[in-house]
Amino acid sequence: MCVLKGSFVFTSDLARASIWPLSIDFLALRSYGDGTESSGVVQITSDLSRPIEGKDVIVVEDIVNTGTTMTYLLKNLETRRPRSVRLASLLHKPARTRVPVKIDYLGFTIEDVFVHRLWLDYAERYRNLPYLGVLELGS
C-alpha cells in the first residue's frame, strides 16, 4: 500500500525489485499542509480502492517523523482486519519522534533536517529532483 503522494516513487522502486506477486493500492494522507511542520491533524484524503481483510499489507511511507501519522494510519488499517500489517519507510527522523512506531523495513535514519527528493516535497515542489537533499529555507 503506497501512502501518497510522498512514497509513489519509492513504492515503484520496491515493486520493480520484488520477486513476489503483488498488488498495489494507494491511500493519501495529509498532515503537513504547505509547511515543513506537521499540523498534528491527520486526514485521509483518498482511501484504498479495495478491501484489505485477510491480506498481508506492507505500508510504504517516504519518511517517519513524529510517528503521529503512521500511528493513526496503522490503527485505522487494523480495524479493516488484514492478516498482517508491516511498515516500510525510506527515511526515519528519530529526533522528531512523539509517538514511537515500529518500522519493519527501514532505508535510512537521518538527522533533524527537512529533506526533499523525487517523492519528498516542500509545498508540492521538488518531487522531480534526482537526488536527496536538505532544504534550506531563507530567512
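1. Arg80 is partly exposed, with a relative accessibility of 22%. This value, like the others in this note, comes from a predicted model.

2. Which residue forms a salt bridge with Arg80? The partner is Asp47, and the closest N and O atoms of the two are 2.9 Å apart. Asp47 is likewise partly exposed, its relative accessible area being 41%.

3. The positions of these two residues deserve attention. Asp47 is found in the loop between β3 (43-46) and β4 (56-64), whereas Arg80 belongs to the loop between α2 (68-78) and β5 (84-92); the pair therefore ties together parts that are 33 residues apart in sequence.

4. A second salt bridge joins the side chains of Glu53 and Arg81, with an N to O distance of 2.6 Å. This pair also links distant parts of the chain, 28 residues apart: Glu53 is in the loop between β3 and β4, and Arg81 is in the loop between α2 and β5.

5. Are the two partners of this second pair buried or exposed? Glu53 has a relative accessibility of 49% and counts as partly exposed. Arg81, at 56%, counts as exposed, because the cut-off for that class is over 50%.

6. A further salt bridge is formed by the side chains of Lys102 and Asp104, at 3.0 Å from N to O. Lys102 is exposed, at 64% relative accessibility, while Asp104 is partly exposed, at 24%.

7. How many salt bridges does a search of the whole structure find? The search finds six. Among them are the pair Asp47 and Arg80, the pair Glu53 and Arg81, and the pair Lys102 and Asp104.

8. The note now turns to helix α1. This helix comprises residues 8-17, and Val9, Phe10 and Thr11 are buried in it. The cover over the buried residues of α1 includes β1 (2-4), β4 and β5.

Notes
Residues numbered from 1 in each chain as written. Predicted model: local features only at pLDDT ≥ 70, side-chain atom pairs only at ≥ 80, totals over all residues. Heavy atoms only, no water. Salt bridge = Lys/Arg side-chain N within 4 Å of Asp/Glu carboxyl O. Helix = DSSP H or I, 4+ residues; strand = E, 2+ residues; numbered from the N terminus. Buried < 20%, exposed > 50% of the residue type's maximum accessible area, 1.4 Å probe, protein only. Contact = heavy atoms within 4.5 Å.
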